[in-house]
Amino acid sequence: MPMAFLLQSGWLYLITHFSDFQLACLGSFFLHESVFFLSGLPFIYIERAGWLSKYKIQTKNNSPAAQEKCITRLLLYHFGVNLPVMLFSYPVFKYMGMQSSLPLPSWKVVLIQIIFYFILEDFVFYWGHRILHTKWLYKNVHSVHHEYATPFGLTSEYAHPAEILFLGFATIIGPAITGPHLITLWLWMVLRVLETVEAHCGYHFPWSLSNFIPLYGGIFGTDKGYRKLKGLKSTGVENGGKQICFFLNNLSYEKDPAN
């Protein structure tokens with residue numbers, strides 16, 4: 001059975017049994033939570049078990065208490081900040097032309113829009129992240145995100161509520177401008193969550209997408225600190241250990257708010 005037919009049939013079931021509001025708000029929230037926790041939680045257990053340690057970027061591990069604190073705070077932020085933002089932004093997306101009806105958009109339209117979202121989000125995030133590293137904003141807002149010096153997947157969204165709002169703006173500004181089909185918005189959300197979880201997972205695997213996609217993780221050079229760190233490790237420069245520790249603690253403009 002063709003994939004397109006299955007996709008169309010599945011989508012028809014959704015729009016028949018749920019309203020636009022339910023799909024766009026509650027459906028989006030459920031999708032985000034599912035992808036975020038299902039992709040992020042395994043890294044907690046991998047770290048606790050000591051598996052794949054040769055791919056771990058930092059040797060230090062987080063305590064179970066610190067990991068549980070992160071999960072508890074995330075659930076509070078997601079239900080207290082993310083969900084209300086999704087509910088209140090629904091009229092804006094409808095006004096900008098978002099739709100959920102059939103037919104589904106062509107893969108070419110979806111691809112062009114997703115590429116545009118990645119570029120725009122990276123641009124907005126880059127400059128917003130620089131602003132967050134100014135003295136007052138770092139002390140009062142962005143420092144919350146730095147509580148975990150050794151990041152793991154779920155810390156990607158561990159931040160001050162004000163920063164969460166900013167990150168939400170950077171992520172949805174592209175879709176808000178183009179008014180995409182809901183399925184495009186969902187695909188964008190899934191890809192963005194997977195990207196940020198991988199960027200914060202604390203591991204660098206041979207199969208990591210950054211090994212194959214040159215601009216993955218930030219097209220505005222936002223991962224240059226980490227790439228310089230990898231260069232130090234590979235060349236074994238004098239006093240490399242000290243320099244590596246310095247870079248691990250000072251990757252201020254790496255992609256995503258782990259820094």
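## A buried charged pair

Glu195 is buried, and Arg192 is buried too. Their side chains meet in a salt bridge, with N and O 3.0 Å apart. Both residues sit in helix H7. They are 3 residues apart, about one turn of the helix. Glu121 joins in as well: Glu121, Arg192 and Glu195 form a network of salt bridges.

This picture comes from a predicted model.

## The overall fold

The protein chain has 9 helices and 0 strands. Read along the sequence, its pattern is α-α-α-α-α-α-α-α-α. The chain holds 259 residues, and 45% of them are buried.

The chain exposes about 13,900 Å². Carbon and sulfur atoms supply 70% of that area.

## Salt bridges between parts

How many salt bridges does the count come to? The count is 6. One of them joins the side chains of Arg48 and Glu68, at 4.0 Å from N to O. Arg48 lies in helix H2 and Glu68 in helix H3, so this pair ties together parts that are 20 residues apart in sequence. Arg48 is partly exposed, at 41% relative accessible area. Glu68 is partly exposed too, at 45%.

Glu147 and Lys69 form another salt bridge, with the closest N and O atoms 3.2 Å apart. Glu147 lies in the loop between helix H5 and H6, while Lys69 lies in helix H3, so the pair ties together parts that are 78 residues apart in sequence. Glu147 counts as partly exposed, with 41% relative accessibility. Lys69 is also partly exposed, at 38%.

## A cavity among helices

A search of the whole structure finds 2 cavities of 30 Å³ or more.

H6 gives the most, with 8 residues.

Pro175 is in helix H6. Is Pro175 buried or exposed? Pro175 counts as buried, because its relative accessibility is 0%, and the cut-off for buried is under 20%.

Leave aside residues up to four places away in sequence. Pro175 then touches Phe93, Tyr117, Pro180, Leu185 and Trp188. Ile114 is 61 residues from Pro175 in sequence, yet their C-alpha atoms are 8.9 Å apart in space.

Phe21, Leu26, Leu87 and Phe88 make a nonpolar surface patch of about 400 Å². Helices H2 and H3 each supply at least two of the patch residues. Phe88 belongs to H3. Phe88 is exposed, with a relative accessible area of 69%.

Most residues other than glycine have a negative phi, and most peptide bonds are trans. Two places here go the other way.

The peptide bond from Leu102 to Pro103 is cis, with omega near 5°. Pro103 is in the loop between H3 and H4. Leu52 has a positive phi, near 55°. Leu52 is in the loop between H2 and H3. Leu52 counts as partly exposed, at 35% relative accessibility.

Terms used
Residues are numbered from 1 along each chain as its sequence is written. This is a predicted model: local features need pLDDT of at least 70, side-chain atom pairs count only at pLDDT 80 or more; totals for chains, interfaces and linings use all residues. Side-chain values use heavy atoms; hydrogens and water are left out. Patches are made of residues with over 30% relative accessible area and no salt bridge: like charges are joined within 9 Å, nonpolar side chains (Val, Leu, Ile, Met, Phe, Trp, Tyr) within 5 Å. Accessible areas come from the Shrake-Rupley method with a 1.4 Å probe; for residues, only the protein chains shown count as cover. Helices (H or I, at least four residues) and strands (E, at least two) are DSSP runs, numbered from the N terminus. Buried means under 20% relative accessible area, exposed over 50%, partly exposed in between (1.4 Å probe, protein chains only). Contact means heavy atoms within 4.5 Å. On a 1 Å grid over the protein atoms alone, a cavity is a set of points where a 1.4 Å probe fits but cannot get out, and a pocket is an open set with protein on both sides within 12 Å along at least five of seven lines; lining residues have an atom within 4 Å of a point. Grid points are joined across faces, edges and corners, and a volume is the space filled by probe spheres set on the points.
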